[in-house]
Amino acid sequence: MKSIIAISIIAQMNLASVDLNLLVAFEALMEERHVTRAGERIGLAQPSMSSALTRLRALFDDPLFLRSASGMQPTAKALSLAQPISDALGQIRGALEPTSAFDPATARRRLSIAATDYGDLIVVPTLVEALRREAPRIDLVVRPIIDPAASVASLERGDVDVLIGGHLPASQRITRRVLFAENFVCIRDAKRAKGKARLTKDDYAHLPHVLFSSAGGDGLPGAIDTMLSRHGRKRRTAITLAHVVAVPFAVASTDLIATMAERVARRFAAAAGVSVVPVPYDVEPFAIDLLHTRRAMADPPLRWFIELVGRVCKEI
């Protein structure tokens, strides 16, 4: 269907008058939202890139990109063209690729990803195991996601290849793949849990909480607090920690409780001496996502790596 749309868009033009480089310039502008950076991406000086934008506007009879304080913002027409043009260019790039197939077993490449604490603990170990087994010459650099918006910007610039984690912000220049769903659970000291395995709604509201904030936040309201407010409840955040792995160990041997991702909680429960118990409210699960740029699909090693992440996450 995408191919049909792409062909339909281009078929409406006079192909004899279309310079393929203009479509490449359009794609760069859509991803960079900045004339100079877009030119640098495809090897054009700023005047040449400005000229390409002028020709694109004439070709599509639309301004396409409008200047704003935050960069060149795409018009509705540009947004409607972005995916079809990206797909068409992807097909052309695929047709021009060398005939030799990508072989992960012998390929040499250095890939970089950014991951949340959750991604580091739950996704990366399984991913590394598969990578060592299937592509031992591919090196991997894992960077932390501290500021999600800054990490998305880094992905857009090409500083990293992939982002992995939950609650990552959206971007019109980024493709999002849902890897799997994660649930919230509570943890509490194991000795205290023996006397009362389940928490009541009153327990949950009255007991002091530990909060994980990767950005070093100060306990500002989040998803759990928003949920509680709908029930007319409020919790006290007694401790805020910057590393999720520290949370179970802070809860152990205290009256504290914490709400955290189930897979992380179960991984550290025995070592920390805490018990995993249900949240006494209905809490929506959240998605663990993989984010990449559209141009990633035109890069055989990166495309293979993205598919590998999808495969290993089916086993998590």
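Two strands pair if DSSP finds at least two bridges between them. Strands (E, at least two residues) and helices (H or I, at least four) are DSSP runs, numbered from the N terminus. This is a predicted model: local features need pLDDT of at least 70, side-chain atom pairs count only at pLDDT 80 or more, and totals for chains, interfaces and linings use all residues. Residues are numbered from 1 along each chain as its sequence is written, and side-chain values use heavy atoms, with hydrogens and water left out.

**Exercise 1.** Find the sense in which β1 and β2 pair.

*Solution.* Step 1: locate β1 at residues 65-68 and β2 at residues 71-74. Step 2: the pairing is antiparallel, over four bridges. Step 3: Ser 68 stands opposite Gly 71 in β2. Step 4: with two residues between them, β1 and β2 form a hairpin.

**Exercise 2.** Is Glu 27 buried or exposed?

*Solution.* Step 1: find Glu 27 in helix α2, residues 20-32. Step 2: recall the cut-offs: buried is under 20% relative accessible area, exposed over 50%, partly exposed in between (1.4 Å probe, protein chains only). Step 3: Glu 27 has 11%, so Glu 27 is buried. Step 4: list its contacts (heavy atoms within 4.5 Å). Not counting residues up to four places away in sequence, Glu 27 touches Ser 86, Leu 89 and Arg 93.

**Exercise 3.** Which strands stand at the edges of the five-stranded sheet?

*Solution.* Step 1: write the order of this open, mixed sheet: β9-β8-β10-β7-β11. Step 2: β9 (237-241) and β11 (274-277) each have a single partner strand, so one side of each lacks a neighbour in the sheet. These two are the edges. Step 3: check β9: strand β8 (residues 209-212) pairs with β9 in the parallel sense over four bridges. Leu 211 stands opposite Thr 240 in β9.
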